[in-house]
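Here's a quick briefing to read alongside the model. Have the sequence and the 3D view open while you go through it.

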Amino acid sequence: EQEVAEYRKSLAIRVSGFDVPRPVKTFEDCGFAPELMRAIAKQGYEKPTTIQCQALPIVLSGRDVIGIAKTGSGKTASFVIPMIVHIMDQPELQKEEGPIGVICAPTRELAHQIFLETKKFAKAYGIRASAVYGGMSKLDQFKELKAGCEIVIATPGRLIDMLKMKALTMMRATYLVLDEADRMFDLGFEPQIRSIVGQIRPDRQTLLFSATMPHKVEKLAREILSDPVRVTVGEVGM
Ligand code: ADP
Ligand code: MG
């Protein structure tokens with residue numbers, strides 16, 4: 001334990017919550033399947049970034065996580081890679097419809113970036129990802145969602161539109177990510193986020209990532225996450 005504490009300190013990682021899994025030093029430590037290790041190597045990712053060292057084992061353990069680290073620190077892979085593991089771990093509930101992983105992001109640019117990162121890891125397993133955001137034809141998105149997917153990456157407003165149009169159901173969704181939560185609040189998406197969260201089963205795994213942690217984001221996190229582990233890397237603003 002002393003060694004773990006020192007390792008965290010050397011990386012400027014702070015954690016809070018009960019029974020926090022220890023940080024990893026390598027991707028091998030995460031116990032990923034060979035296909036996933038190959039996909040990681042193909043990205044040129046040699047070792048996990050600091051946030052990944054601590055967030056990966058916690059997310060993989062199934063816990064809810066609040067992850068706070070500055071932009072460019074590699075937060076995306078901390079939720080995308082475990083999402084692939086989560087989907088592959090599902091029992092044969094494939095008769096059901098709708099995405100298993102749902103990622104909300106504040107802007108279409110960011111949703112698109114996450115989509116590209118997701119595809120790199122999903123491809124090896126034939127997992128289908130759909131991107132859903134404004135500026136694209138609603139009819140095309142409707143058709144794509146109707147065709148089925150395991151992952152949806154969306155801006156909150158457009159996801160609500162698609163839910164209203166019954167383009168998808170959330171009955172299979174068990175892995176929810178709110179990325180750049182601070183920016184989603186700044187853009188006024190709190191009501192949409194609450195509506196989306198309210199449509200996803202309460203026994204889901206919920207992850208919230210942010211570069212800063214203002215009080216109102218903290219408050220939402222306390223309401224919608226269960227027994228979360230909070231991981232902070234470096235100094236973080238409010
Ligand atoms: P954040 O969401 O924290 O702003 P990103 O997830 O967008 O950061 O990652 C920033 C950059 O770092 C991206 O170009 C990504 O491909 C790269 N990256 C992520 N993880 C690793 C890694 N383990 N090794 C090398 N580069 C990485
Ligand atoms: Mg990011």
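This is a predicted model: local features need pLDDT of at least 70, side-chain atom pairs count only at pLDDT 80 or more; totals for chains, interfaces and linings use all residues.

Let's start with isoleucine 224, which sits in helix H10 (residues 215-224); helices here are DSSP runs of H or I with at least four residues, strands are runs of E with at least two, and both are numbered from the N terminus. Isoleucine 224 counts as buried because its relative accessibility is 11%, where buried means under 20% relative accessible area, exposed means over 50% and partly exposed is in between (1.4 Å probe, protein chains only).

Residues are numbered from 1 along each chain as its sequence is written, chains are lettered from A and ligands numbered from 1 in the order in which they are written, and side-chain values use heavy atoms, with hydrogens and water left out.

**Confidence**

- The protein chain has an average pLDDT (the predictor's confidence in each residue, from 0 to 100) of 95, and 97% of the residues score at least 70.
- For the complex, the predictor reports an ipTM of 0.99 and a pTM of 0.96.

- S2 runs parallel to strand S7 (residues 205-210), and 4 bridges join them; strands pair if DSSP finds at least two bridges between them.
- Across that pairing, glycine 67 stands opposite phenylalanine 209, and isoleucine 66 stands opposite leucine 208.
- S2 also pairs with strand S8 (residues 229-233), again in the parallel sense and over 4 bridges. There, valine 65 has valine 229 as its bridge partner.
- S7 has 6 of its 6 residues buried. Gln205, Leu207 and Phe209 point one way, while Thr206, Leu208 and Ser210 point the other.
- Strand S6 (residues 175-178) runs parallel to S7 too, joined by 4 bridges. Here leucine 178 stands opposite leucine 208.

**Pockets**

- For pockets, the search uses a 1 Å grid over the protein atoms alone: a cavity is a set of points where a 1.4 Å probe fits but cannot get out, and a pocket is an open set with protein on both sides within 12 Å along at least five of seven lines. Lining residues have an atom within 4 Å of a point.
- Grid points are joined across faces, edges and corners, and a volume is the space filled by probe spheres set on the points.
- The largest pocket holds about 280 Å³ of space. It is lined by 16 residues, and Gly72, Thr76, Leu110, Gln113 and Glu180 are the closest to its centre.
- Helix H4 (75-88) and helix H5 (108-122) each supply at least two residues of the lining of the largest pocket, with H5 giving the most, at 6 residues.
- By class, the lining of the largest pocket splits into 4 nonpolar, 6 polar and 6 charged residues. The nonpolar class is Ala, Val, Leu, Ile, Met, Phe, Trp, Tyr, Cys and Pro, the charged class is Asp, Glu, Lys and Arg, and the others, Gly among them, are polar.
- The second largest pocket has a volume of about 220 Å³. Its lining has 16 residues, with Glu97, Gly98, Leu145, Lys146 and Gly148 nearest the centre, and divides into 5 nonpolar, 4 polar and 7 charged.

**Positive phi in loops**

- Most residues other than glycine have a negative phi.
- Aspartate 19 has a positive phi of about 45 degrees although it is not a glycine. It lies in the loop between strand S1 (13-16) and helix H2 (34-42), and it counts as exposed because its relative accessibility is 72%.
- Aspartate 227 also has a positive phi of about 45 degrees. This residue is in the loop between H10 and S8 and is partly exposed, at 44% relative accessible area.

**Annotation**

- From the UniProt record (an unreviewed entry), the annotation "short sequence motif: Q motif" covers residues 25-53; UniProt positions are given in the numbering used here, feature names are shortened, and annotations may be inferred rather than shown by experiment.
- Over residues 25-53, the chain is 45% helix and 0% strand, with the end C-alpha atoms 6 Å apart.
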